[in-house]
Amino acid sequence: MNTHSKISQQLQKLGIELPIAGAPAAAYVMANQIDHIVYLSGHIAKQNGAVWIGKLGQNMSTTNGRLAARSVAIDLIASLQSHLGNLDRVKKIIKVTSLVNSTAEYTEHHLVTNGCSELLVEVFGDLGKHARSAFGVAQLPLGACVEIEMIVEVSD
Amino acid sequence: MNTHSKISQQLQKLGIELPIAGAPAAAYVMANQIDHIVYLSGHIAKQNGAVWIGKLGQNMSTTNGRLAARSVAIDLIASLQSHLGNLDRVKKIIKVTSLVNSTAEYTEHHLVTNGCSELLVEVFGDLGKHARSAFGVAQLPLGACVEIEMIVEVSD
Amino acid sequence: MNTHSKISQQLQKLGIELPIAGAPAAAYVMANQIDHIVYLSGHIAKQNGAVWIGKLGQNMSTTNGRLAARSVAIDLIASLQSHLGNLDRVKKIIKVTSLVNSTAEYTEHHLVTNGCSELLVEVFGDLGKHARSAFGVAQLPLGACVEIEMIVEVSD
């Protein structure tokens with residue numbers, strides 16, 4: 001990591017250490033750039049390197065869901081760092097789509113997703129403010145509690 | 001609202017009064033523009049200012065779901081108006097993603113979503129024709145019956 | 001179809017015959033192009049021209065779900081062909097979003113979605129590598145087992 005990067009210094013200040021960026025398990029990529037727009041694949045929540053399994057409204061609290069969403073935001077930033085080389089190239093977080101593994105009764109997907117949204121603003125400031133959607137899905141790959149995808153504008 | 005705007009006049013002709021645009025409840029924005037593309041956050045259905053609660057296939061008819069989707073389209077247009085100042089700057093409705101709060105048996109998400117799609121074409125004509133996806137989600141924030149996000153091309 | 005097209009020849013080599021592209025059932029379009037980006041609407045799985053009904057984890061195996069996702073990829077390519085005239089104009093498959101009709105327990109949405117991802121790479125090679133999200137939805141329009149939408153970069 002470029003230690004002169006403003007965003008890297010901000011991550012350090014926040015006590016956030018980026019994990020090694022994940023690799024896709026099949027015929028797709030974690031980040032795909034077209035012109036100045038980077039599309040990040042849906043990243044599922046992980047804890048200690050393993051899939052973070054859970055279903056909101058059944059066996060996971062909103063507080064923990066929020067922590068999971070925050071950890072996915074960090075993984076998304078790690079993928080961005082791996083793709084861009086330098087996180088200062090981030091011009092704007094455009095859009096976040098947050099898929100929360102929930103029962104048919106749970107209705108706090110927005111609070112879970114705040115864990116991701118707030119981290120992005122802590123790290124990127126105003127550039128981190130994004131459009132977003134959050135909703136409850138029937139289930140996620142490998143039983144993960146949260147999956148989040150992101151679109152980002154970057155500079156050269 | 002600019003009363004000389006062609007689209008504002010069309011809204012008036014259709015008897016549609018735009019509500020005050022909603023404000024985000026957290027660290028995100030309702031509309032995010034990158035170059036000439038505006039990403040609108042997922043808007044949940046509201047009725048008389050309160051969240052329009054319901055689950056298709058359980059306690060809400062397709063007819064009412066369709067009305068809810070139509071009302072979300074109006075709220076999306078209100079957010080666009082608030083962002084753009086003048087709705088005549090809309091060049092093309094690009095994409096609509098419609099999340100319908102439904103049981104595991106309900107299969108008319110496309111008919112619900114037509115309430116949004118048809119309103120967009122009534123208001124914007126051919127410019128309102130969009131790509132779209134519609135599907136049933138396990139649950140939505142605050143129990144809303146429908147949530148819709150939109151991508152729009154705009155001029156300067 | 002342009003039989004001199006490199007991609008058409010690749011489809012032939014793979015033994016894939018493109019179906020007639022589907023038409024939208026309502027006020028939307030199957031493909032919407034803005035500058036050099038084509039947004040394809042969510043396409044639901046079909047078998048012998050009829051909707052391919054099923055729910056993963058209940059009455060459909062992962063193997064069959066994967067075949068369904070592969071068939072949706074072929075339908076998406078047919079819509080692209082219909083929109084572009086010549087599939088050699090595809091510069092990059094940008095993003096795939098795969099909605100798998102699943103129970104609240106099923107956790108192999110990624111394996112189902114591989115049926116689409118792998119077909120795209122077989123047909124387009126490196127240009128077919130995409131960002132993607134895959135997740136389980138409560139239900140899909142008309143009871144379809146899989147719905148997939150796609151974003152594609154194209155040349156003039």
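How many helices and strands are there in chain A? Chain A holds three helices and seven strands. Keep in mind as you look around that this is a predicted model.

**Chain A on its own**

- If you walk along the sequence, chain A follows the pattern α-β-β-β-β-α-β-α-β-β.
- The C-alpha trace of chain A spans about 45 × 35 × 30 Å along its principal axes.
- A compact globule of 156 residues would have a radius of gyration near 15 Å, and chain A agrees because its own value is 15 Å.

**How the copies are related**

- Chain B can be laid on chain C by a turn of 120 degrees and a shift of 0.0 Å along the axis, with an RMSD of 0.0 Å.

**Where chain A meets chain B**

- Here 26 residues of chain A are in contact with 22 residues of chain B.
- On the side of chain A that touches chain B, at least two residues each come from strand 5 (90-101), helix 3 (109-124) and strand 6 (131-137) of chain A.
- Strand 6 of chain A gives the most to this side, with seven residues.
- By type, the residues on this side of chain A are nine nonpolar, 10 polar and seven charged.
- Only 8% of the interface residues of chain A are also interface residues in chain B, so the copies meet through different surfaces.

**Where chain B meets chain C**

- Chain B brings 26 residues into contact with 22 residues of chain C.
- Strand 5 (90-101), helix 3 and strand 6 (131-137) of chain B are the elements that give two or more residues to the side touching chain C.
- Which element of chain B gives the most to that side? Strand 6 of chain B does, with seven residues.
- The side of chain B that touches chain C divides into nine nonpolar, 10 polar and seven charged residues.
- These copies meet through different surfaces, because only 8% of the interface residues of chain B are also interface residues in chain C.

**Two packed helices in chain B**

- Two packed helices are described by the angle between their axes and the distance between the axes.
- In chain B, the axes of helix 2 (residues 62-84) and helix 3 (residues 109-124) come within 7 Å and cross at roughly 40 degrees.
- That angle makes helix 2 of chain B oblique to helix 3 of chain B.
- The crossing of these two helices of chain B is right-handed.
- Among the residues making the contact are B:Gly65, B:Ala69 and B:Ala73 of helix 2, along with B:Val112, B:Cys116 and B:Leu119 of helix 3.
- The contact residues of these helices of chain B comprise 12 nonpolar, five polar and two charged.

**The helix pair in chain C**

- Helix 2 (residues 62-84) and helix 3 (residues 109-124) of chain C pack at an angle of about 40 degrees, with their axes 7 Å apart.
- Helix 2 of chain C is therefore oblique to helix 3 of chain C.
- Is the crossing of helix 2 and helix 3 of chain C left-handed or right-handed? Helix 2 of chain C passes helix 3 in a right-handed crossing.
- To find this contact, look for residues including C:Thr62, C:Arg66 and C:Ile77 of helix 2 and C:Leu111, C:Leu120 and C:Val123 of helix 3.
- The residues of this contact in chain C divide into 12 nonpolar, five polar and two charged.

Definitions and conventions:
Residues are numbered from 1 along each chain as its sequence is written. Chains are lettered from A and ligands numbered from 1 in the order in which they are written. This is a predicted model: local features need pLDDT of at least 70, side-chain atom pairs count only at pLDDT 80 or more; totals for chains, interfaces and linings use all residues. Axes are lines fitted to C-alpha atoms, for helices over the stretch in contact, and angles run from 0 to 180 degrees between N-to-C directions. Helices (H or I, at least four residues) and strands (E, at least two) are DSSP runs, numbered from the N terminus. Angles under 35 degrees count as roughly parallel, over 145 as roughly antiparallel, 65 to 115 as roughly perpendicular and the rest as oblique. A crossing is left-handed if the near helix is turned anticlockwise from the far one by less than a right angle, and right-handed if clockwise. Two residues are in contact if their C-beta atoms, placed from the backbone, lie within 7 Å. Ala, Val, Leu, Ile, Met, Phe, Trp, Tyr, Cys and Pro count as nonpolar, Asp, Glu, Lys and Arg as charged, and the others, Gly among them, as polar. Copies are superposed by least squares on the C-alpha atoms of residues with pLDDT of at least 70 in both. The radius of gyration is taken over C-alpha atoms; the globule rule is 2.2 Å times the number of residues to the power 0.38.
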